[in-house]
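Q: Could you take a close look at one helix for me, and tell me what lies over its buried side? I'd also be glad to hear how the rest of the model is put together.

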Amino acid sequence: MPSENILEVINLKKYFKVSKGVIKAVDDISFTVKYGETFGLVGESGSGKSTTGHVVVGLYAPTSGKILYEGIDMSMGVERRPLNLKKKIQMVFQDPATSLNPKRTIKQIIELPLKVHGISHGDASQKVAELLQMVELPVEYMDRYPTELGGGERQMVAIARALAVNPSFIILDEPTSALDVSIQAKIINMLMRFQKEFDLSYLFITHNLSLMRNVASRVAIMYLGKIAELAPTEEFFYNPLHPYTKMLLSSIPVITDEEEAMKPKKVISTGEIPGALNVPPGCSFHPRCPERLEICDKVDPCMLEISPGHFVRCHLYNSMKV
Ligand code: SF4
């Protein structure tokens, strides 16, 4: 039977050696992304979510673990990936002001991947014009430079560049967080439309939990390099289990009375937020956890499947696994 997963990330680790020690940016995480789904990877700054995206797209080779794309091993840096598969995984970065080369025109930016991947050898004006129209930008922008465009327009160029090579899988790394609120909904709606039109699967990396409620089919939350909880979106929001998830959900604003009623009671975090270089022993969340047990500062909990598709890494549930 063919797999339902376009991407499998298995026991992925990415460590960085620095002068003061080793930063375990991604520390043994596993998840899958299904064909056509939006998988939300959520976390605070320093949780390892963006590093995960960078490893999946091939900007970094993993320290260990596997990345399978349609069952094919892609656990190497991008330069060693087969060219025909490399183009299948694209990324849209957080800040288009830095991800677009300011010295190149919009045409040069969008046609570069077409040339690199051998899709276009000569003048790609026609294809670039089609891509600009697709992202609702005027064709005349072709001859402009990124600095002449607004932030939202630059992000639309970045999306056009990602779509240029007909990918199947796109990593969206905080694609709207550097933009004005007025343009964020437009970009999200556009991404959701393209997902349907082009059968795309998304790994959506964000710190914005509320956004995931509307766009993701499953959500995983990262804390200091590890996944704390992973569940289908509805289950994640209405039956959160991990104390960290409850803490975050209890502090996000909601609009409707129904959402307010479903929100966990306000959870107050104790202790300091540790840094990546001084990850606490045992469960790394224990200094902040209001529900910690005696075992928590000694033993790192394992990931448990509490109900089908709902995983949590916490000693509170040791006796509940399915
Ligand atoms: Fe809190 Fe312990 Fe669960 Fe960690 S393992 S989240 S410290 S209860």
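**What covers helix α4**

A: Happy to! Among the elements covering the buried residues of α4 are α5 (125-134) and α6 (151-163). Please keep in mind that this is a predicted model. Helix α4 itself spans residues 106-116, and its buried residues are Ile-106, Lys-107, Ile-109, Ile-110, Glu-111, Pro-113 and Leu-114. The list therefore holds Lys-107 and Glu-111, which count as charged because Lys and Glu belong to that class. After α4 comes Gly-118, which has a positive phi near 70°.

Now for the sheet. It is open and built from 4 strands, in the order β2-β1-β4-β5, with antiparallel pairing. At its edges sit β2 (21-34) and β5 (72-73), each of which pairs on one side only. Strands in a sheet are joined by backbone hydrogen bonds, in a parallel or antiparallel arrangement. Here β1 (residues 5-18) and β4 (residues 64-69) run antiparallel and share 5 bridges; in one of these strands, β4, Leu-68 is the bridge partner of Glu-8. Packed on the sheet is helix α1 (residues 49-57), which touches β1, β2 and β4. The direction of α1 makes about 115° with that of β1.

Finally, the ligand. There are 13 residues around it, and those that come nearest are Cys-283, Cys-289, Cys-296, Cys-314 and His-315. Sorted by class, this shell has 8 nonpolar, 3 polar and 2 charged residues.

Note on methods: Residues are numbered from 1 along each chain as its sequence is written. This is a predicted model: local features need pLDDT of at least 70, side-chain atom pairs count only at pLDDT 80 or more; totals for chains, interfaces and linings use all residues. Side-chain values use heavy atoms; hydrogens and water are left out. A residue is near a molecule or strand if one of its heavy atoms lies within 4 Å of it. Two strands pair if DSSP finds at least two bridges between them. Helices (H or I, at least four residues) and strands (E, at least two) are DSSP runs, numbered from the N terminus. Contact means heavy atoms within 4.5 Å. Axes are lines fitted to C-alpha atoms, for helices over the stretch in contact, and angles run from 0 to 180 degrees between N-to-C directions. Buried means under 20% relative accessible area, exposed over 50%, partly exposed in between (1.4 Å probe, protein chains only).
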